[in-house]
Amino acid sequence: MTIDRRTILQAGASALALGLAPQGAFAQAEAYRIGALNPVTGAGSPYGSGMAEMIFAAVDEVNAAGGAAGRRLQVFADDTQTNPQSAVLAAKKLIEVNKVNAILGTWSSGVSLAVIPLVNDANILLMHTSGAPALSTPPANAKGYGYRFQATNDRFGRAFAEIAVKEGYKRPATMAFNNASGIGNTQGFKKAWEAKGNKVLAEVVYEPNQPSYRAELQKVLAARPDVIVMGSFLPDTTIILREAFQSGANVKWIIPGWAANPQLIRALGNEATEGVISVDSVANEQSASFARYDAAYRKGQSQPGASNVYAAMTYDMVITLALAIEAAGPGAGTAQINAKIREVANPAGDKVFSFAEGKTALAAGKKINYEGASSVLDFDEFGDVTPDFGVFFITKGQLERRYVVKI
Amino acid sequence: MEAYLIAILIVTAIYVLLSLGLTLQYGLTGLINFGHVGFFCIGAYAAAILSTAGSMPIAVGLVAGMLLAGLAAIPIGLVALRLRDDYFAIVTLGFSETVRLVITSEGWLTKGVQGIPGIPKLIDGVGTGPALMILALVGFANILAVIAFLRIVKSPFGRMIEAIRDNEDAVKALGKDPARFKIQVLVLGAVLAGLSGGFYAHYIGYVSPDQFLPIVTFYVWMAIIMGGVGRISGALVGTLLLMGFLEGSRFLRDLLPFISAVEMASIRIGAVGLALILFTIYRPQGLMGDYTRRK
């Protein structure tokens, strides 16, 4: 068979026709384009693919419910490589080539800080899970288009201080993983703790990827603390706790929930983890939205949804955004949609737990308050959430929630 | 689309400066520098600190970055007198990691792991116009570097460093002192890397220590190996090729949506690795040929 001009034209035309074919009921309105910009590789890789997948899952859910304001959601995914330079190019590509209307799910503070100027220039929204306080205020968040679905590291630190007071600890020391998040936690603790007129006995910042942290641990234990407050991640926490246990140190631990989790207990056993206090923003675990998220996460990643708190956040990002689009009505631009985000997520409205539920309530003319899978999702004037913090004690290998701290 | 292409070209041009520096050091002089990113980092941080905390004009930061990077190369050059080949490579690798750790620890100056946000842009403004101006500026720096490079190659200095690369003992036997030339070459390459770092900081607008990992050095190595060692055209083509690999995968994802992001990341790295293997088998002299092909 010879390929002549006509054949090529026909092939091209049919390919075009396929691409342009209306998909379901969404033929008329232009799709709302979402850029899923997640840390699929690099330091964020334990979370990134789950975060991306939950964006797709939530988008499927929204589209199955008929889309938002008649618009289908469409996702363009890219990898930040947890690296600001790569993230900048990825964001440029999403903005320029894919013409996205919002970027969802940037993870580390460095990446979000590098991406947010581009978002401001392009007049689109950024929803991120980074902890750095600088992301709340101008110049970074000059237009108020940035939303943080994670508690700031500072808030975590304040929660740690509340817990230390409540548990009656007098002689705390801190250990922090040397990155913005780790140090943010312990600095936040120190600030809140010293504001109460107390003193921190020892502070150690350690480098990542060490086979042993004995030297750092000895330095901290030399101050004879009664509790060690950690700004840490799972791999290093595993080693530090094991070495502390082996040395027979009699000390308690306050550790962020992403490090003190079931995987830690599995790695160390019940005895070494007994009495560890694990603090996490209260994922709305009892909520219907969490159940939906959990089911989607188990299906995609064959793991419980609670193992990736950031994936719950990206899931919530899509639902919140879709509800805001729905509330803003057809043809709304970024500014109108942005104006609706607090309206659909903050209190003084009927609590809703899914997009479909919210859509129905909005159609009935009601005010709604989306309660997310990651937290109750109420945004302050900076676009930050202030979740409540659940205080879990590890007893006999189980994470047992004793109480909730509000800050 | 244009703005994205311009962004890629700007980043490419920034990397070309790095490649030119390494071409000078390895391609012409045979110094295996595995610590190129250290000088890049010094330039970036000098520009970042002076233009934010120091509120200096951007030009001051760029020049300071070049000078500091050049100065930092002198002790490395002194080490180079005693070490050759792989031993020197290890020292330079250690140097770049040392730079990164110093920046991580000296929080009072560098804000440590938090990084320095809000570094002013080279040219302020939104849209294609300012972006093109930035590209023109970085491109201009590239042209200056290329002119300087050409002059070096054609000078007695250039013949000397190439002689050092080809047979250092013969150079010594002729009564020449290779050490001095090696230091000079290291300083020159470092100055280029420092300038590149300054542009990088002002373009990305945010620097933190984890942007200056050894992978950056090896990207530059990949670029000059694919392009052709010891040639300007090699540095240019190799860097373009590398950016093509790194950025092209983003588009591949849109075309082949069934490939997951994790797989795509592996494919990207795998493709670069495969290209390197194929190059070493079928075209070890690089796409443009190495210095032996130079007229």
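Helices (H or I, at least four residues) and strands (E, at least two) are DSSP runs, numbered from the N terminus. Residues are numbered from 1 along each chain as its sequence is written, while chains are lettered from A and ligands numbered from 1 in the order in which they are written. The model is predicted: local features need pLDDT of at least 70 and side-chain atom pairs count only at pLDDT 80 or more, whereas totals for chains, interfaces and linings use all residues.

1. Helix 12 of chain A. This helix covers residues 309-328, and its 20 residues should span 28 Å at 1.5 Å a residue; the expected span is 1.5 Å times one less than the number of residues. The end C-alpha atoms are 29 Å apart, which agrees. Of the 20 residues, 20 are buried, so helix 12 of chain A is largely enclosed by the rest of the structure. A residue is buried if 20 or more other C-beta atoms lie within 10 Å of its own, exposed if 12 or fewer, and partly exposed in between, with C-beta atoms placed from the backbone. After the helix comes A:G329, which has a positive phi, near 85°.

2. The five-stranded sheet of chain A. Five strands form an open sheet with parallel pairing, in the order 2-1-3-4-5; two strands pair if DSSP finds at least two bridges between them. At the edges are strand 2 (73-79) and strand 5 (146-148) of chain A, each pairing on one side only. Neighbouring strands are turned by 20° against each other on average, direction ignored. Axes are lines fitted to C-alpha atoms, for helices over the stretch in contact, and angles run from 0 to 180 degrees between N-to-C directions. Within this sheet, strand 1 (residues 32-38) and strand 3 (residues 102-106) of chain A run parallel and are joined by three bridges. A:G35 has A:I103 in strand 3 of chain A as its bridge partner.

3. The seven-stranded sheet of chain A. A second open sheet has the order 7-6-8-9-10-13-14, and its pairing is mixed. Strand 7 (202-206) and strand 14 (398-405) of chain A each have a single partner strand, so one side of each is left without a neighbour in the sheet. Strand 6 (residues 172-177) of chain A pairs with strand 7 of chain A in the parallel sense over five bridges, and A:A173 stands opposite A:A202.

4. Strand 10 of chain A. Five of the five residues of this strand (residues 277-281) are buried. One side carries A:I277, A:V279 and A:S281, the other A:S278 and A:D280, and both faces are covered. Strand 9 (residues 252-256) of chain A pairs with strand 10 of chain A in the parallel sense over three bridges, with A:I254 opposite A:I277. Strand 13 (residues 389-395) of chain A runs antiparallel to strand 10 of chain A and is joined to it by five bridges; there, A:V279 has A:V391 as its bridge partner.

5. The contact between chains. In total, 31 residues of chain A are in contact with 28 residues of chain B, contact meaning that the C-beta atoms of two residues, placed from the backbone, lie within 7 Å. Helix 3 of chain A gives the most to the side of chain A that touches chain B, with eight residues. That side divides into 18 nonpolar, seven polar and six charged residues. Ala, Val, Leu, Ile, Met, Phe, Trp, Tyr, Cys and Pro count as nonpolar, Asp, Glu, Lys and Arg as charged, and the others, Gly among them, as polar.
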